[in-house]
Structure formats: C-alpha cells, structure tokens
Amino acid sequence: FMHHNLLFDLDQTLLDFHGSEHIALKMIMERNHLVFKEEYYHFFKQVNKSLWLEFEKGNISKNELFERRFKRLFEECGCDTDGINLLNINSDFIDCMSQNGVLMTGALEFLQKIIDNVPDTRIYIITNGVTRNAMGRIASTGLKNYISNVFVSDSIGVSKPARSYFDAVKNSISEPDESYPVIGDSLSSDMLGAKNSNLASCWFMPEGDIEEKMKEYEINYIASSFGELYEIIREWALVS
C-alpha cells in the first residue's frame, strides 16, 4: 500500500518567507539603532539571494552566508561592522522570523481541501535553511497541524538540490519513488532536486521563460495558484 507523499517546499510555497523576513529585519535594524527603509530591505533581499545561491553551489559555508548578509547591510547603512558580532545579529534575526510566520494567502484552506478530498495523502515539508526558523514559523502559523513531517537541510546535514538530501527524505518515509511529487517555487533547489532524483515535479508560481525552464529541469506540471495546484495534485493522485 502506497501513500501520496506530497513534498512541499516551505518558503513562497506555503509560507510567505518575505513577509516574515520584512517584519524581522525591521525589528533587528531598529534594535541596532538603524533606520529601517524599504530600500534597505530590498538590498538585503538581493544580497541574501545571491549568497544562498553561492551556498547551494557549495562555495560558502552557512556561517559565512549569515555574517556576510549583515555585514553588507550594515555597511550599506553607513555602519562600521568592526566589533559587531554579526552571527549574534543573525541569530536574533532568525529568532524574530521564527516567531512571526506569515502564511501564503489560502494555504491552510488548500491543505485542508487536499486532506479532505485526496485519499491516502500525506503532506511533508522539504526546506533549506535553519531548523528553528522553519519550525518556529510552522508552529506560529498553525501549519504543523496539517503535516506529517518536516525535513530541514540543517538537520539532515545536506541541502536541496543534492540527491543525498532527497535520498534522506525518501529513506525516512520508505515508499516507492513514484509516490513523491516535489512541489515548490525554486528552480535551483526544488525543480533541480526533483530532476536529480528522478521524482515528479510541479513548479509553483512559475515565472520567466516557462517553456524553456520546463524542458531544462524536466518539470512535469506547473501551477500559478492553489486552485490550479489542487487540481494537479488530484489528477496526479488518480494516475499514480
């Protein structure tokens, strides 16, 4: 007997990462006597994105990522970072984020609809990042009531898109490969990870040259809303 094991990315798929990030960055900057401005938030987001890509490629460590993003931000604000413990600042930032989860609009209703209407379904979270940040936001939004397990790269010791990350997830659940579709917004971690592991994939909220990316990453499905995603999951469950 096989379940439909739905592997959901967390950020920008079920939780609004940027919503939590915005709240937390404002709190941290104000605590450190810096004036929060929207342009600083956009600067931080850009720096963060480029550093995470470097981390996914294995070019920098997690701690280097954490230090550099705040070093760059504080310097952008005209602040001298000598003598500032940037890892402590980062830790405070993660605590603030973990206590301020923000749901993607309609996420809980969508999960409830799957549970009610797609038999033998289990919902799992697959996420790169910091365990206490992910688990805190999952708890603070009520998301934890809908899911069977959470797989955080931090705890596994390897990140998406590495095949070994998905092997660890599959070993834990112990069901056949055809029972796992990977659902997420990120090409570089979710879709590439699914391709590396020969799993079905659904690109959520696709943007850019969609047809080209679908070929490149061998993506099976795309969905632009929870409504579309629900129909795809229902259809997939009937044939799998």
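Me: Helices (H or I, at least four residues) and strands (E, at least two) are DSSP runs numbered from the N terminus. Which of these elements each supply at least two residues of the lining of the largest cavity?

Reply: β4 and α11 do. The largest share, three residues, comes from α11. This is a predicted model: local features need pLDDT of at least 70, side-chain atom pairs count only at pLDDT 80 or more, and totals for chains, interfaces and linings use all residues. Residues are numbered from 1 along each chain as its sequence is written, and side-chain values use heavy atoms, leaving out hydrogens and water.

Me: What makes a space a cavity?

Reply: On a 1 Å grid over the protein atoms alone, it is a set of points where a 1.4 Å probe fits but cannot get out. About 50 Å³ lies in the largest cavity, taking volume as the space filled by probe spheres set on the points, which are joined across faces, edges and corners.

Me: What makes a residue part of the lining?

Reply: An atom within 4 Å of a point. Leu 6, Pro 181, Ile 183, Cys 202, Tyr 221, Ile 232, Ile 233 and Trp 236 line the largest cavity.

Me: Why are β1 and β2 called a pair?

Reply: Pairing takes at least two bridges found by DSSP. β1 (residues 4-9) and β2 (residues 121-127) have six, in the parallel sense, so they qualify. Leu 7 has Tyr 124 as its bridge partner in β2, and Asp 9 stands opposite Ile 126. β2 also runs parallel to β3, with four bridges; Thr 127 is partnered by Val 152 in β3.

Me: Why is the sheet called open, and which strands stand at its edges?

Reply: The order of the six strands is β3-β2-β1-β4-β5-β6, with parallel pairing. β3 (149-152) and β6 (221-223) are the edges: each has a single partner strand, so one side of each lacks a neighbour in the sheet. From one strand to the next, the twist averages 25 degrees, with axes fitted to C-alpha atoms (for helices over the stretch in contact) and angles from 0 to 180 degrees between N-to-C directions.

Me: What makes β2 mostly covered?

Reply: Buried means under 20% relative accessible area (1.4 Å probe, protein chains only). Six of the seven residues of β2 fall in that class.

Me: What makes the unit of β2, α6 and β3 right-handed?

Reply: With the strands pointing away from the viewer, the path from the first strand over the helix to the second runs clockwise. The β-α-β unit of β2, α6 (residues 131-141) and β3 has that hand.

Methods. Buried < 20%, exposed > 50% of the residue type's maximum accessible area, 1.4 Å probe, protein only. 1 Å grid on protein atoms, 1.4 Å probe; cavity = no way out; pocket = protein on both sides within 12 Å on 5 of 7 lines; lining within 4 Å.
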